[in-house]
Amino acid sequence: MDSSALKALFLQRVSLGGNELAAMSQAFSALYRSFQTDVVGRVRCSPMKGTTYTWIDPPSGRSENVCLFFHGGGYTMGSTDDHLQLIASLVEDSGISFLGVDYRLCPNDCFPAALDDVEDAYRWLLAQGYRAEAIGVTGISAGATLVMQLLHRCQSKGLPMPAVALVMAGVMDFSYGRESVAFNAKDDLVSLQRLEAISSHYLPEDGSYDSRDLDCLQQDYSCYPRTLFQAGDREVLLSDAIACFSILKTAGHDVALHVVPGMIHCGQLFSRDFLPGQRAMAEAALFLREGFVASNPFSVRGMGERKKQKTGH
């Protein structure tokens, strides 16, 4: 399947121009689940009672290093469950446990509710005894934007930065004025109209939010985690990924950019039949495996020792 065939299938199954968010959400969910493989059954999924978090572990059990995962869906839909194919593939190929976060969605809860929720999830992991050096943050589409915004929150609130970050094609410029929004419009699933509709739901009309949290790319960072920005060369958000990489690289941070040939937005979710998505997933898993080692090369402590230090036994 190439990008044209994937786009045709997507538009056949999902109406992006509709106003019924519930119906659109159900269509997205059904489409994503139709691309699931048996990898979903090979990992261990454990919803955490009393929270909106779900652990997804390798068959061998909880890993020393863990990653938060923030799903996509334009802040109006989506869930960890919808994205299990992507998460399970990363877990199996990297050997790293993931904690999926089902953050609040709009229109019921506008910005910064979702950002507050992912910050709470990061603080929760720290409170469980995980060191920042053992935590990664990952996300796709809307979730990728939340990764960047969480990193800004970490700096502004004095929280320790996580070790690694995987940013899969998020919105970084809410004016939508970058070049690829125009030149990739005919190829991608996402249009300018869709992006503007997302903003109309996501951003409070009265402007009651801290613009620094939203436009986090415009801020200076004293430190930044080892980060991979990933986007397809046919995505409308390609220029956002390039701008993020360029600004942070120029500032001296350890960041990398992977532009995937022939990939449209969220191609990673369709990797079963979509070769560019397969390539993207392989690169992402490799980055996570190597990223923790590069960020903390002397860490050999296992979960048992971490718990022992926490309890004192």
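In which loop does Thr-80 lie? Select Thr-80 in this predicted model: the residue belongs to the loop between strand E3 (66-70) and helix H4 (84-94). Thr-80 has a relative accessible area of 2% and is therefore buried. Display its surroundings next. Apart from residues up to four places away in sequence, Thr-80 touches Thr-54, Ile-56, His-71, Ile-87, Gly-100, Val-101 and Asp-102.

**The loop between E3 and H4, continued**

Remain in the loop between E3 and H4 and select Tyr-75, which also lies there. Tyr-75 is not a glycine, yet its phi is positive, at about 65 degrees. Most residues other than glycine have a negative phi. With a relative accessibility of 4%, Tyr-75 counts as buried.

**Helix H4**

Now select H4 itself. Nine of the 11 residues of H4 are buried, so the helix is largely enclosed by the rest of the structure. To colour them, pick Leu-84, Gln-85, Leu-86, Ile-87, Ala-88, Ser-89, Leu-90, Val-91 and Ser-94. Ile-87 is the member of this set to highlight, as it is among the residues that Thr-80 touches. Gly-95 follows H4 and has a positive phi, near 75 degrees.

**Two cis peptide bonds**

Move to the loop between strand E4 (97-101) and helix H5 (113-127), where Pro-107 is placed. The bond joining Cys-106 and Pro-107 is a cis peptide bond, with omega about 15 degrees. Then select Pro-112, which is likewise in the loop between E4 and H5. The peptide bond from Phe-111 to Pro-112 is cis, and its omega is near 15 degrees. Most peptide bonds are trans.

**The largest nonpolar core**

Which residues touch the most other members of the largest nonpolar core? Select Leu-68, Phe-70, Phe-98, Leu-146, Met-148, Tyr-202 and Phe-270, which hold that position in a core of 100 residues. Helix H6 (residues 142-157) gives the most to this core, namely eight residues.

Centre the view on Leu-146. Once its neighbours within four places in sequence are set aside, Leu-146 is in contact with Phe-70, Tyr-75, Tyr-103, Ala-114, Leu-115, Val-118 and Tyr-202. This list brings back Tyr-75, the residue with a positive phi of about 65 degrees.

**The largest cavity**

The largest cavity has a volume of about 330 Å³ and is lined by 30 residues. To locate its centre, select Gly-74, Ser-141, Val-190, Ile-198 and His-265, the lining residues that lie nearest to that point. Helix H2 (21-34), H6 and helix H8 (192-202) are the elements that give two or more residues to this lining. By residue class, the lining of the largest cavity consists of 19 nonpolar, nine polar and two charged residues.

**The second largest cavity**

The second largest cavity holds about 40 Å³ of space. Select its lining: Val-167, Ala-169, Gly-170, Met-172, Phe-229, Gln-230, Asp-240, Ala-241 and Cys-244. Strand E7 (226-232) and helix H10 (238-250) each supply at least two of the lining residues, and H10 gives the largest share, with three. Six residues of this lining are nonpolar, two are polar and one is charged. Cys-244, one of the lining residues, is buried, with a relative accessible area of 0%.

**The cysteines**

Next, colour the cysteines. How many disulfides does a search of the whole structure find? The search finds zero. Select Cys-154, which is in no disulfide: the nearest cysteine sulfur is that of Cys-223, 9.0 Å away. The cut-off for a disulfide is a pair of cysteine sulfur atoms within 2.5 Å. Cys-154 counts as buried, because its relative accessibility is 0%.

**A last stop: Tyr-176**

Finally, select Tyr-176 in the loop between strand E6 (164-168) and helix H7 (179-183). Tyr-176 is not a glycine but has a positive phi of about 55 degrees. Is Tyr-176 buried or exposed? Its relative accessibility is 9%, so Tyr-176 counts as buried.

Conventions
Residues numbered from 1 in each chain as written. Predicted model: local features only at pLDDT ≥ 70, side-chain atom pairs only at ≥ 80, totals over all residues. Heavy atoms only, no water. Core = buried A, V, L, I, M, F, W, Y, C linked by side-chain atoms within 4.5 Å. Buried < 20%, exposed > 50% of the residue type's maximum accessible area, 1.4 Å probe, protein only. Helix = DSSP H or I, 4+ residues; strand = E, 2+ residues; numbered from the N terminus. Contact = heavy atoms within 4.5 Å. 1 Å grid on protein atoms, 1.4 Å probe; cavity = no way out; pocket = protein on both sides within 12 Å on 5 of 7 lines; lining within 4 Å. Points joined across faces, edges and corners; volume = space filled by probe spheres on them. Nonpolar A, V, L, I, M, F, W, Y, C, P; charged D, E, K, R; others polar.
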